[in-house]
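Hi,

Here is the structure for you to look over. My notes follow below it.

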Amino acid sequence: MTKEKKQALLAQLYAPYKKCIECPLGTLGRINVVFGEGNPDARLMIIGEAPGRDEDLKGRPFIGRSGKLLTTVLELADIRREDVFITNVVKCRPPDNRNPLPIEAKTCKELLLFKQIEIIQPDVICTLGAVALEGLLGHPAKISQMRGLPTKFKNTLLIPTFHPAYILRNPSKLSILYEDIKKAHSHLR
Ligand code: URA
């Protein structure tokens, strides 16, 4: 499928959900449904948990403190942010940045995330943090044990790593995030 076709399909997917109220988050004060951004034909897809305050205000994923760290790590790994596709399991900010409820994650991933993956068809998915990993696997998972270890989401290679917010709290783990992202990049076909 061409990049233009993927772009059109993504726009078509997003259109009916710009004011989504399919799960509780739609009525709890969120401003924007943060669909995700980047190359519609990306070989690497990066998936976080849910938008925070900055992302909700601007309608773009990973643009706050965690996002700045993610962008820096991508650059260090020789990856241009605009070459990847960045999104979240849940597209609306949970109140007070609480973890998404299971029903919110389930609704959102079935309506949007899984379809985004089907359209983009990345070579590799990199999940950031436990919530994103569990969202893709569909069951509880220990990020400290699984990070850096290639696994699968359906037929796509999945490399889990830590969430940048965790690295901000534990800066000594920065090199792990970098290595995992490098590893994800090394698997691109
Ligand atoms: N944290 C996330 O998981 N996603 C964002 O978009 C921003 C912060």
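**Ligand contacts and overall fold**

An oxygen atom of the ligand lies 2.8 Å from an N or O atom in the side chain of His163. Keep in mind that this is a predicted model.

The side chain of Asn88 puts an N or O atom 2.7 Å from a nitrogen atom of the ligand. Glu49 uses its backbone instead: a backbone N or O atom of Glu49 is 2.9 Å from an oxygen atom of the ligand.

How much of the ligand does the protein cover? On its own, the ligand has 240 Å² of accessible area, and the protein covers 92% of that.

Now the surroundings. The ligand is surrounded by Gly48, Glu49, Ala50, Pro51, Glu55, Pro61, Phe62, Asn88 and His163. By type, the residues of this shell are four nonpolar, three polar and two charged. The space that the ligand takes is the largest pocket.

On to the chain. It has eight helices and six strands. Along the sequence, the order of these elements is α-β-β-α-α-β-α-β-α-α-β-β-α-α.

Last, the overall dimensions. Along the principal axes, the C-alpha atoms of the chain fill a box of roughly 40 × 40 × 30 Å. Does the radius of gyration agree with a compact globule, or disagree? It agrees, because a compact globule of 189 residues would have a radius of gyration near 16 Å and the chain has 15 Å.

Best wishes

Definitions and conventions: Residues are numbered from 1 along each chain as its sequence is written. This is a predicted model: local features need pLDDT of at least 70, side-chain atom pairs count only at pLDDT 80 or more; totals for chains, interfaces and linings use all residues. Side-chain values use heavy atoms; hydrogens and water are left out. A residue is near a molecule or strand if one of its heavy atoms lies within 4 Å of it. A polar contact is a pair of N or O atoms within 3.5 Å; within protein, one must be able to donate a hydrogen and the other to accept it, and residues adjacent in sequence count only if both atoms are side-chain atoms. Accessible areas come from the Shrake-Rupley method with a 1.4 Å probe; for residues, only the protein chains shown count as cover. On a 1 Å grid over the protein atoms alone, a cavity is a set of points where a 1.4 Å probe fits but cannot get out, and a pocket is an open set with protein on both sides within 12 Å along at least five of seven lines; lining residues have an atom within 4 Å of a point. A molecule sits in a cavity or pocket if more than half of its atoms lie within 2 Å of its grid points. Ala, Val, Leu, Ile, Met, Phe, Trp, Tyr, Cys and Pro count as nonpolar, Asp, Glu, Lys and Arg as charged, and the others, Gly among them, as polar. Helices (H or I, at least four residues) and strands (E, at least two) are DSSP runs, numbered from the N terminus. The radius of gyration is taken over C-alpha atoms; the globule rule is 2.2 Å times the number of residues to the power 0.38.
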